[in-house]
Amino acid sequence: MDFNNLFSIKGKVALVTGGSRGIGEMIAAGFLSNGVKVYISSRKADACQATAKRLSEAYNGECIAIPADLSTMEGVQSLANELESKEQQLDILVNNAGVAWGAPLEEFPEIGWDKVMDTNVKGVFFLTQKLLPLLRKSANPEDPARVINIGSIDGLKAAVFDSFSYGASKAALHHLNRFLAAHLTKENIIFNSIAPGPFPTWMLSTGVGFGGETEDVDWDVIGKNNPRGRVGTPEDIAGLAIFLSSRASAFVVGQTIALDGGVVATS
């Protein structure tokens, strides 16, 4: 038995979509601080480049921006092509890019359905498909390639917001995770999902009335209703992502893990 380096991910190559802010940035930072070469992608090129530069400097690592709009097949293919031109293999894929849309039931628009589904489900499936050659080159029985799909507790329980397509898309993503695990685990590519609860992100900030601000706002007001008495932290989400990318999780397959301070379990 060898328990040395059980949680080590040093030297691996990762892609984190939606990595310019929020949960994606938190995961990218955690990877960088643990010796991973990280590519981040987001729709806005300037924000993606700025985050990559900031994270590289903060963690003395290599964070590289590849901007892409993953709600379109052109964006998916562009990202896959760019990564294939830079790397021989991909060890970790974090499908985090996502969007939400809120509107009353009677007024919910078709674009609010299609945009969310195209990004949160279709984009995840086809990006994973396009990156299979790189993942297969990394995969082996001792150290499988990893795909981590970022879902949401809104895909496990009904949300308080009028975000109908978002909750449906995340439930679909959780089930897609199982389908992909069923097909690719035998090729030593392991799939798991994380379903985050409340984290101090732009997306949650807009939903709770903070106007998209994540700094200098009272997150304690949101956290006090959580069983853990707080919102999530970068260490919480990065810690689980690191675990799911390391030797420690090599027998964890096709799961959706709620990372929510106990919201789902106690509701």
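Tutor: Let us begin with helix α2, where C48, T51, A52, L55 and S56 are buried. Buried means under 20% relative accessible area, exposed means over 50%, and partly exposed lies in between, with a 1.4 Å probe and protein chains only. Helices (H or I, at least four residues) and strands (E, at least two) are DSSP runs, numbered from the N terminus.

Tutor: Please keep two conventions in mind. This is a predicted model, in which local features need pLDDT of at least 70, side-chain atom pairs count only at pLDDT 80 or more, and totals for chains, interfaces and linings use all residues. Residues are numbered from 1 along each chain as its sequence is written, and side-chain values use heavy atoms, with hydrogens and water left out.

Student: Where do the buried residues of α2 fall when one looks down its axis?

Tutor: The general idea is that an α-helix has 3.6 residues a turn, so residues three or four places apart point the same way. In α2 the buried residues fall within an arc of 130°, so they line one face of the helix. The arc is that of the directions from the helix axis to the C-beta atoms.

Student: Which residues of α2 are exposed on the other side?

Tutor: Those are D46, K53, E57 and A58. The buried residues, in turn, pack against α1 (22–33), β2 (37–41) and β3; contact here means heavy atoms within 4.5 Å.

Student: What follows α2?

Tutor: The helix is followed by N60, whose phi is positive, near 50°, although N60 is a residue other than glycine. N60 lies in the loop between α2 (45–59) and β3 (63–65), and it counts as exposed because its relative accessibility is 74%.

Student: Which other asparagine has a positive phi?

Tutor: N188 has a positive phi of about 65° and is not a glycine. N188 lies in the loop between α5 (164–184) and β6 (189–196). With 22% relative accessibility, N188 counts as partly exposed.

Student: How many disulfides are there?

Tutor: A disulfide is a pair of cysteine sulfur atoms within 2.5 Å, and by this rule the count is zero. The cysteine sulfur closest to that of C48 belongs to C63 and is 7.8 Å away, too far for a bond. C48 has a relative accessible area of 0% and is therefore buried. C63 is also buried, because its relative accessibility is 7%.

Student: Is N226 buried or exposed?

Tutor: N226 counts as buried, at 7% relative accessibility, and lies in the loop between α7 (219–223) and α8 (234–245). Leaving aside neighbours within four places in sequence, N226 is in contact with P198, D260, G261 and V263. The side chain of N226 reaches the backbone oxygen of D260 at 2.8 Å.

Student: Which residues does A100 touch?

Tutor: Not counting residues up to four places away in sequence, A100 touches V116, Y166 and M203. A100 is in the loop between β4 (92–95) and α4 (110–138) and is partly exposed, with a relative accessible area of 38%.

Technical notes:
Polar contact = N/O pair within 3.5 Å; in protein donor to acceptor, adjacent residues only side chain to side chain.
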